[in-house]
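These are my notebook entries on a single chain. I set out to look up how its parts pack together.

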Amino acid sequence: MSTSRRIPVLMYHRIGAAHNPWERRYCISPALFAKHMRHLSACGMRACSLDDFFAWLDRRKDLPAGSFLLTFDDGFTGIFEHAASILQELGWPATVFLVSQLIGKQDVWWRTENPSGATYPLLDRDTIDAMRSMGFTFHSHTRLHPDLTTLSEDQLFSELHGSRSDLENLLKEEVHYLAYPYGLYNEQVLDAARAAGYKAAFSTQPGFNRNDIDRFRIRRLDISGTDTPSMLARKIHFGCNDGSWRQSIRYYKGRVIDRLGIRH
Ligand SMILES: [Zn+2]
């Protein structure tokens, strides 16, 4: 059996209906999400658990080639309504990063960003409980989804440490992992995340994860509601957020030039 030397982490947001081009960037239709998962399965890929991902990073465990980690930011109700059944069918686990003070509420942080001003419901406590027995694990996406790079030391402590303790009270288990809101962080945020007791954090920097990846800058591929299954496959193949053919051609041209360079 061949084993993975690099593992992509996929990042989705909302699953449901998108009502304008802005929403399509952060929202995928239930039908397209199911197509994505079936396409990955048909390509011989399979989602691994968060525990296995970190065991692999720490060289404590091998994972088969084609392994990837599936993550959802924000904790929208559509994950339960539309993703849970297909993931159960495939036997695939997934991780959801929750905004700990908005559980059962709405994604109010997007209100000023979304041109329509619409907000969407977030998972509530009972649904989170039900999903835990279906293979979902839950970790932190802060308390209120701020841009962490703009906060004072006290505010950072509240968002990072506070969110961990909110979720540990809710889940009655330890919460080790963080996803930075908007993918934004700086050195002060990284230090605060370590001090708040997290073991690792997920960014939105594209690329692959190898064993030597900085545990507080884990890379993820941003999957949007306009990605066809083949664009998704190209993003995974090249480890980048551009799933277009143009990107593939650029990549192969680069390789040819590299080879020519070696020969001369
Ligand atoms: Zn978010």
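**Entry 1: helices α2 and α4**

I looked up the contact first: Pro30, Phe33, Ala34, Met37 and Ser41 in α2 meet His82, Ala83, Ile86, Leu87 and Leu90 in α4. Two residues are in contact if their C-beta atoms, placed from the backbone, lie within 7 Å. By class, this contact of α2 with α4 has eight nonpolar, two polar and no charged residues. Ala, Val, Leu, Ile, Met, Phe, Trp, Tyr, Cys and Pro count as nonpolar, Asp, Glu, Lys and Arg as charged, and the others, Gly among them, as polar.

I note that the model is predicted, that local features need pLDDT of at least 70, and that side-chain atom pairs count only at pLDDT 80 or more, while totals for chains, interfaces and linings use all residues. Residues are numbered from 1 along each chain as its sequence is written.

Helices are DSSP runs (H or I, at least four residues), numbered from the N terminus. Helix α2 covers residues 30-42 and helix α4 residues 78-90; they pack at an angle of about 20°, with their axes 9 Å apart. I therefore record α2 as roughly parallel to α4, the term for angles under 35 degrees. Axes are lines fitted to C-alpha atoms over the stretch in contact, and angles run from 0 to 180 degrees between N-to-C directions.

**Entry 2: helices α6 and α7**

I then looked up helix α6 (residues 153-171) and helix α7 (residues 187-195), whose axes come within 9 Å and cross at roughly 45°. That makes α6 oblique to α7. Leu156, Phe157 and Leu160 in α6 meet Val189, Ala192 and Ala193 in α7. I sorted the residues of this contact into six nonpolar, no polar and no charged.

**Entry 3: the core and Leu69**

Which residues have the most contacts inside the largest nonpolar core? I found Val9, Leu69 and Ala201, in a core of 63 residues. A nonpolar core is a set of buried Ala, Val, Leu, Ile, Met, Phe, Trp, Tyr and Cys residues joined through C-beta atoms within 7 Å. Leaving aside neighbours within four places in sequence, Leu69 is in contact with Ile7, Val9, Ala47, Cys48, Leu50 and Phe53.

**Entry 4: Tyr26**

Tyr26 lies in helix α1 (residues 21-26). Is Tyr26 buried or exposed? I record Tyr26 as buried, because 21 other C-beta atoms lie within 10 Å; the cut-off for buried is 20 or more, for exposed 12 or fewer, with partly exposed in between. Not counting residues up to four places away in sequence, Tyr26 touches His13 and Arg14. The C-alpha atoms of Tyr26 and Gly225 are separated by 6.6 Å, though these residues are 199 residues apart along the chain.

Conventions. Helices (H or I, at least four residues) and strands (E, at least two) are DSSP runs, numbered from the N terminus. Angles under 35 degrees count as roughly parallel, over 145 as roughly antiparallel, 65 to 115 as roughly perpendicular and the rest as oblique.
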